[in-house]
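Open the structure in your viewer and keep the selection tool at hand. The tour makes a few stops, each with something to select.

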Amino acid sequence: YDGEPFYNLGLALSMQQRYAEAYESFHKAIWNAAWQDAAYFALARLASRKGNFLQALDFVDRSLNRNARHYRARHLKIALLRRSGNREEARKEILQSLECDPMEYGALWERFLLESDPSFENIVRPQAAIYIELALDYAHAGLFEEALNLLERVADQDPLAAYTVGWVLAQSGQEQAAGLMFRAAASIDADYCFPNRIEDVLVLQAAQRANPQDARAPYYLGNFWYAHRCYDDAIACWERARSLDPDFPTTHRNLGLAYFNKVHDSRRSLESFQKAFALDPSDARVFFELDQLRKRMNRVPRERLVILEQHMDLVRQRDDLSIEYISLLNLTGQHEEAYRQLMQRNFHPWEGGEGKVTAQYVISLVEMARAALAEGRAQAAIAALSRAQVYPHNLGEGKLYGAQENNIFYYLGCAFESLGELRNAQANFEQASGGLSEPTSATYYNDQPPDMIFYQGLAQLKLDHIEASHAIFTRLVEFGATHLSDEVRMDYFAVSLPDFLVFDVDIHERNRLHCFYMMALGHLGLGDLSAAKENFDAVLAMDPSHLGATLHRRMIYQI
């Protein structure tokens with residue numbers, strides 16, 4: 001009824017070198033018209049692997065009859081014609097292929113083999129990924145000489161290319177040469193090597209069998225398994241790689257991710273990350289991830305800040321590390337230093353970082369203004385709050401349309417009130433009282449934070465709208481209590497998550513934190529300081545680095 005299961009079974013059998021059974025499955029797949037081009041191409045490869053070029057050409061023609069733009073089939077046809085001595089026919093097929101796609105690498109390479117045409121190397125250059133793809137096409141068809149010709153051009157610069165040379169040699173019966181190549185591949189720099197093809201599994205497994213002391217092959221294979229959600233296999237491979245080479249930092253780093261996100265073992269995760277960083281103290285990325293792990297493990301902000309200050313050379317290398325440092329300065333009450341650090345750096349947008357830099361900019365200025373108000377320096381407060389409304393270019397991000405700034409206008413109102421400028425004070429309180437006042441979940445970075453609703457309520461109090469203020473604070477409390485146990489789902493088509501998630505986050509716990517925070521703000525506005533403190537403490541128990549809870553909890557003691 002459907003050829004797809006037979007085709008997929010044929011692929012699985014081919015990868016296990018069970019070619020006779022694969023041949024039968026592909027033949028069943030061609031009973032279904034939708035799978036004829038793919039299955040005939042697979043049959044052509046199997047026939048070519050057996051050296052039956054005439055049958056292979058018949059199969060490849062049947063594939064092309066169903067799909068004339070099956071470029072890999074046409075590439076195989078060109079190779080078979082060249083191998084069979086039909087060079088003119090091969091040239092015609094090359095021209096036809098290049099008329100359809102001038103960048104068809106297989107046809108370009110075949111033209112290079114036929115005519116020593118340099119256009120392939122001029123266009124492709126030694127890009128290992130393309131060479132490997134073409135080589136695998138040849139290898140699947142048993143054309144090992146062509147595969148090796150391609151791979152040996154890039155084998156000294158790419159570990160996967162070198163490993164694939166070893167695999168092709170083994171496929172062609174040259175076991176001793178294959179072993180030598182597998183050992184050579186293990187010594188090539190591992191940077192920018194990301195296995196992603198199903199054939200890479202076969203290649204790396206063969207490398208491990210040939211050279212059991214190779215620490216890189218299981219490391220690469222672990223990367224493949226983790227990317228394909230085979231987490232137990234990934235961890236087993238990485239642990240083997242670690243035992244063979246305990247001095248390779250990235251293995252420890254990868255295990256740190258897996259231990260936390262998949263095994264839920266924060267102790268082993270921390271040990272692995274600390275080992276990775278100790279092996280390469282110049283790696284700012286690993287240092288950032290180590291800090292994020294400490295954050296997820298609820299280490300107190302001052303402890304994290306001390307560690308960052310010991311490695312300021314790394315902090316300065318990354319925007320995300322810099323903003324974590326600035327956030328910690330604000331958390332520990334060092335708002336002027338946070339502002340100074342912000343203003344001396346040019347930030348750049350990054351995925352998961354939207355709104356982070358501008359948020360710290362506003363927070364530092366608002367907190368500086370609050371401190372100035374407490375000291376009776378109203379003009380200094382007004383100056384700071386005015387700056388908070390304009391984002392300087394170095395922040396790397398503009399203000400979102402419709403951004404709510406209720407906190408800024410509320411404190412501006414307070415500043416003018418202290419100066420006796422009641423008309424200006426009322427105008428700012430009225431502006432602070434506007435905007436959306438219905439609480440919502442805060443899943444994405446552009447969702448309305450509950451803080452702005454809290455300041456709406458405070459502004460309504462200043463305007464003597466007691467009932468309106470009471471209603472706003474009560475809504476915060478009721479929303480938090482009602483939604484505390486919600487089952488939360490993440491919308492796949494989100495604008496942007498609020499964080500770049502190195503470590504998995506429990507979205508249900510995040511929802512509870514958000515609800516406790518709303519209840520805390522509501523109780524604070526209603527004057528129920530005991531309930532406010534209880535809820536702020538619940539927030540900080542789950543996340544000691546929660547900036548909003550830290551800053552607003554201080555209001556209780558000021559009151």
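Which residue just after helix 27 takes a positive phi? Select D464: its phi is about 65°. Bear in mind that this is a predicted model.

Next, select helix 27 itself, residues 450-462. The helix has 13 residues, and at 1.5 Å a residue they should span 18 Å.

Now colour helix 27 by burial. The helix is mostly covered, with 11 of its 13 residues buried. Among the buried residues are M452, I453, F454 and Y455, and also D451 and Q456. To see what covers them, show helix 25 (406-418), helix 26 (422-432) and helix 28 (466-482).

Rolling a probe the size of a water molecule over the atoms shows where empty space is left. The second largest pocket holds about 660 Å³ of space. Select F194, Y219, T250, R253 and N254 to find its centre; of the 24 lining residues, these are the closest to that point. Helix 14 (216-227), helix 16 (249-261) and helix 18 (284-296) each give two or more residues to the lining.

Which helix gives the most to this lining? Select helix 14, which supplies six residues.

Last, colour the lining of the second largest pocket by residue class. There are 15 nonpolar, three polar and six charged residues in it.

Definitions and conventions
Residues numbered from 1 in each chain as written. Predicted model: local features only at pLDDT ≥ 70, side-chain atom pairs only at ≥ 80, totals over all residues. Heavy atoms only, no water. 1 Å grid on protein atoms, 1.4 Å probe; cavity = no way out; pocket = protein on both sides within 12 Å on 5 of 7 lines; lining within 4 Å. Points joined across faces, edges and corners; volume = space filled by probe spheres on them. Helix = DSSP H or I, 4+ residues; strand = E, 2+ residues; numbered from the N terminus. Nonpolar A, V, L, I, M, F, W, Y, C, P; charged D, E, K, R; others polar. Expected span 1.5 Å × (residues − 1). Buried < 20%, exposed > 50% of the residue type's maximum accessible area, 1.4 Å probe, protein only. Contact = heavy atoms within 4.5 Å.
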